[in-house]
Protein chains: 2
Amino acid sequence: MAKNIEEQLVKYLTDVHALEEQALQQLKKAAQIAGDPETAQVYRDHLAETEEQERLVRARLEAHGAGPSRVKDVAMKVGGLGAGLTAQLSPDTPGKLAASSFSFEHLEIASYELLHRVAQRAGDEETATVAQRILEQERAAAQKVAGTFDRAVERSLQDQGATA
Amino acid sequence: MAKNIEEQLVKYLTDVHALEEQALQQLKKAAQIAGDPETAQVYRDHLAETEEQERLVRARLEAHGAGPSRVKDVAMKVGGLGAGLTAQLSPDTPGKLAASSFSFEHLEIASYELLHRVAQRAGDEETATVAQRILEQERAAAQKVAGTFDRAVERSLQDQGATA
């Protein structure tokens, strides 16, 4: 594998790893904000899935010689993609949680789409397979979040005593 | 229309208006970062569409007695949703632009999904129609952004001299 494409691959891997760490933080708070048990379960289920995704991506990083300390470092300072996103969105209602989660899932989807392409170009079949697998999980999670929109609106109107 | 649901509707309208203002800022820079003429055109086309969306949403806000100064005010300080998102993502490469734009389009999609439901509950057919129309445009824009993923990867590898 050419040195430069290897560097690009590691860069895309560190980006998605930082996103997974961000997702873990966000999902731990999500169940409390969800507003109803069914929505809370959507976020709990995706938290379990996300823990596995973080491990899978970390293993691919390590296979490319990027050790845990470097990973942690990148996740702390990640300049471009994902950092601060959750903090800025700071969802405090079921409606904002639904919108920000739907958006975040699509940030992950796009990032794995890119990683998948770079891994294929680099001839790293193992990373391409991991990217494809996680991509399918993120797409399914995004659909489940979309399934919470009705309940989120219902809840935000109830909370305001605004049922017409 | 009950007072409280009217308040909720105006709140959802101000959220999507703030997102459109954010989108206008982001899209004005996007063509420069795009990396190739075809991708730049995707963002220029969506900028023209977004200018119309901002006007449509502003008209609905004004129909509910929310004047321009209030609109501007909310857009400046918008606490929860959208503010700072673009700044934090600060895309500086075609790959990051593609990922952050795809994510932002889905933040808009979710927000219009919620607005559409609240408008229907409030019996405001005109806002519901505007929300549905913009929703379809945002979905189409998200698909066009997804169509830039291949070129974004190509470009990021070329820029690094990393073509395998």
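Tutor: Helices (H or I, at least four residues) and strands (E, at least two) are DSSP runs, numbered from the N terminus, and it is in this sense that B:V145 is found in helix α6 of chain B. This is a predicted model, in which local features need a pLDDT of at least 70, side-chain atom pairs count only at pLDDT 80 or more, and totals for chains, interfaces and linings use all residues. Residues are numbered from 1 along each chain as its sequence is written, chains are lettered from A and ligands numbered from 1 in the order in which they are written, and side-chain values use heavy atoms, with hydrogens and water left out.

Student: What makes B:V145 count as buried?

Tutor: Buried means under 20% relative accessible area, exposed means over 50%, and partly exposed lies in between (1.4 Å probe, protein chains only). B:V145 has 3% relative accessibility, which is under that 20% limit, and therefore counts as buried. Leaving out residues up to four places away in sequence, B:V145 touches B:V42, B:Y43, B:A98, B:S101 and B:F102, where contact means heavy atoms within 4.5 Å.

Student: Why is A:K11 called partly exposed?

Tutor: A:K11, which has its place in helix α1 (residues 3-33) of chain A, has a relative accessible area of 32%. The C-alpha atoms of A:K11 and A:E125, 114 residues apart along the chain, are separated by 17 Å.

Student: How do you know whether B:T148 and B:Q53 are buried or exposed?

Tutor: The relative accessible area of B:T148 is 1%, and B:Q53 stands at 0%, so both values fall under the limit and both residues are buried. B:T148 lies in the loop between α6 and α7 (149-159) of chain B, and, apart from neighbours within four places in sequence, contacts B:T39, B:V42 and B:A98. With B:T39, 109 residues away along the chain, the C-alpha separation of B:T148 is 6.1 Å.

Student: Why are α2(B) and α6(B) called roughly antiparallel?

Tutor: Two packed helices are described by the angle between their axes and the distance between the axes. Axes are lines fitted to C-alpha atoms, for helices over the stretch in contact, and angles run from 0 to 180 degrees between N-to-C directions. Angles under 35 degrees count as roughly parallel, over 145 as roughly antiparallel, 65 to 115 as roughly perpendicular and the rest as oblique. For α2(B) and α6(B) the angle is about 165 degrees, with the axes 11 Å apart; this is over 145, and the two helices are therefore roughly antiparallel. Among the residues that make the contact are B:V42, B:Y43 and B:Q53 of α2(B), and B:I134, B:Q137 and B:V145 of α6(B).

Student: What makes the pair α5(B) and α6(B) roughly antiparallel as well?

Tutor: Helix α5 (residues 94-122) and helix α6 (residues 125-146) of chain B have axes that come within 9 Å and cross at roughly 160 degrees. Since this angle is also over 145, α5(B) and α6(B) are roughly antiparallel to each other.

Student: How do you know the relative direction of α2(A) and α5(A)?

Tutor: Helix α2 (residues 37-63) and helix α5 (residues 94-121) of chain A pack at an angle of about 25 degrees, with their axes 14 Å apart. The angle is under 35, and α2(A) and α5(A) are therefore roughly parallel. In this contact A:Y43, A:H46 and A:V57 of α2(A) meet A:L97, A:A98, A:S101, A:E105, A:E108 and A:Y112 of α5(A).

Student: Finally, how many helices and strands does chain A have, and what share of its residues is buried?

Tutor: Chain A has seven helices and zero strands, and its elements run α-α-α-α-α-α-α from the N terminus on. Of its 164 residues, 58% are buried. Among contacts in chain A between residues at least 6 apart in sequence, 80% join residues at least 24 apart.
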